[in-house]
Amino acid sequence: MCRSLFLRAIACSVFIVVTASIAPSAPPQASIPTQIPGQNAILMGAAWYPEQWPESRWEEDLRLMEAADLKVVRIAEFAWSRMEPSQGHYDFDWLERAIELAAKHHIVSVLGTPTATPPAWLTQKYPDTLRIEADGQRVTHGNRAHASASSPRYREFCRRIAEQMALRFGHNPNVVGWQIDNEYGYAQMSYDDVTRRQFQDWLQAKYKTLNNLNARWTTSYWSQTYDNWEEIPIPVGAHNPGLMLDWKRFVTYTWTSYQQNQIDTIRQHAEARQFITGNLMGFFDGFDHYPITAPLTFASWDDYVGTGHVDPAYNGLSHDLTRGFKRQNFWVMETQPGAVNWSSLNNFLNRGEARAMAWQAIGHGADDVNYWQWRSALNGQEEIHGVLVGPDGTPVPFYNEVAQTAHEFAKVESAFRDTAPLSEVALLYSYDSHWAIQFQKHTEKYDDLALLKSYYSALRHLSQSLDVVSPYSSLENYKLVAAPSLNVLPKDLADHLLEYVRNGGHLVLGPRSGMKDEFNALLPQRQPGYLVDALGARVEQYYALEKDVPLAGAWGEGQAAIWAEQLGSLTPGTEVLMKYGKSNGWLDGQPAIVTRPFGKGRITYIGAVLDDKLMAAAADWALQKSGVTPAFGPLPDGVEVTRRVGPGKQVFILINFSQGNLRVNLPHTMNLALDGTPAARVDLPPYGVSVAVDTRQ
Ligand code: GLA
């Protein structure tokens, strides 16, 4: 348990204790691959497209970037037709000049491989490289993400352009790293014969025999039995749940191997110091992000709000999800310069909001934040997207907010050197479970991501630091692990979780947990499946709710909504914490939430979607029961605190996301890095940010 990580551990109420002195005895990571040697620990940058502008303009762009303290450009990710104007004829001289000029302005480059935008000569000469949509239509050239990720021919073209880029820039001192593709084609697949055969081969490699596949998918149901691998379709629309889940895994496999093709090529020619990342999209669920990020140096994501304003809890959760992919710091490869162009209402972020978002990213473990984009192309699909520089080439008002934030990053960067978030609490997120629930929601209101967010908000509010990790992660450093929707819970995973509990961990399971095996088949046990014995209770029956159901017990009174499970205790040692009130007759007076000590730890099962008040009570109870200490201490509502921990220091970022002025009392005097003064309290206006450095041991 993480007790050993702290000089002193205080296990008492999270409401009363102030524990900012819990300085860790060791840094959380041996090294931080997101921090580039020789560069500031935290960086800001922009997506720059020199290929769209006359070369005579570049110097002015870079001068303006340098004046704003932008230190990174991401370039080339859509420039294939410029880098390979005709098949096998490469032109990288312009790119090299752009990189050199950027370096003259103290700006390093991240090179994107341009494989999201194959040029017209390629797709027209080799139309089989274009995707076929689910309706059988071949995609026409002219947009992006139009190629088939499973086409061997397309992959060979991708390999060649990545190889040529790596040969040319793999030793360039001003190229710090690589981004593979761009957002991985949003996981779009080609519904063609090549892909279908690959899917069938993938299934054969997995199941070995058709008998096995037929048994796992229960294909005797609706006469789905397959006698030949070639009979198995790509699922379009509702299908066998086992087939649908395997298709998602095959999509993951396709994009992971598509990525690996380029990683292998780049690694062959590039210096090891150059990182390789990919720009992901938060909770985008087209593929499983844990395998796809495994071979990357670190994960990155594109943080866009779209319509409306930043929801700090959802945005924080998305950062924490990304940090959890590889359990290390990450980059925000793109974020919105005020407004986007693709949402229903492309409103502008309020003045100060983007700065708050940039600091929030740092607090949650980002070491770089890049705006998309520097300047809009004069034509093309994104003419009226937000930018830092207008079509006339001079800064728009938003540029000043970015410059202010980047100056702040540059001023206090050393405080963040070798620091990363450190949490005592983890939430488990599983793509398998997410997809399994999405396939069979049972009530359209069931939203496993909303449930995750409700657990996150309640637990984070009190613990002030939270990790989001794969259920298969090693969990021994957490005092509390909550799995709000662990629907797919095969035996190996159950064993892993039981080991955590046996060794002293507290596992909290939410509704619909432990229902399915890895083939998306129902487990022959009741929920929570292989954990029934340890819990000493099981789900007798579940109900999609038409209306809210009252709950009462140890956590007070409240309501269950959307989903309720009637639990039954099997052992006297299982404590019933909450019961349902009058409802549909079946639930009346029945257990809703139970807990049981097991090994050195504890398992708790919450069989309903709780209202906010009960969720807060649940979080308070679970954190206290597990001895979790808050990262900072008491805070006014509306202020988010994040903590990054490094050798001999912890750094807190305080952000006021409310619309009023708020005062925060620090647990003791700390150095306010942005002001350069020590203080015991800080006043934050709306969107106000403070960076408090604690070096007290
Ligand atoms: C995505 C893409 C960018 C750009 C932005 C616009 O994140 O990666 O190329 O299109 O959206 O918001």
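This is a predicted model: local features need pLDDT of at least 70, side-chain atom pairs count only at pLDDT 80 or more; totals for chains, interfaces and linings use all residues.

Colleague: Which residue does Glu271 pair with?

Modeller: Glu271 forms a salt bridge with Arg273. Their closest N and O atoms are 2.6 Å apart.

Colleague: And is Glu271 buried, exposed or partly exposed?

Modeller: Glu271 counts as partly exposed, because its relative accessibility is 26%. Arg273 is at 42%, so Arg273 also counts as partly exposed.

Colleague: Let's move on to Lys582. What does Lys582 meet in a salt bridge?

Modeller: The side chain of Asp588. The N to O distance is 3.5 Å. That passes because the cut-off is within 4 Å.

Colleague: How exposed are those two?

Modeller: Lys582 is exposed, with a relative accessible area of 67%. Asp588 is partly exposed, at 23%.

Colleague: New topic: strands. Where does Arg663 lie, and where is Asp683?

Modeller: First, the side chains of Arg663 and Asp683 meet in a salt bridge, at 2.7 Å from N to O. Arg663 lies in strand E23, residues 662–672. Asp683 lies in strand E24, residues 677–684. So the pair ties together parts that are 20 residues apart in sequence.

Colleague: What about their accessible area?

Modeller: Arg663 has a relative accessible area of 43% and is partly exposed. Asp683 is partly exposed too, at 46%.

Colleague: Last one. Which residues are linked in a network of salt bridges?

Modeller: Glu156, Arg159, Arg160 and Glu163 are linked that way.

Notes:
Residues are numbered from 1 along each chain as its sequence is written. Side-chain values use heavy atoms; hydrogens and water are left out. Buried means under 20% relative accessible area, exposed over 50%, partly exposed in between (1.4 Å probe, protein chains only). Helices (H or I, at least four residues) and strands (E, at least two) are DSSP runs, numbered from the N terminus.
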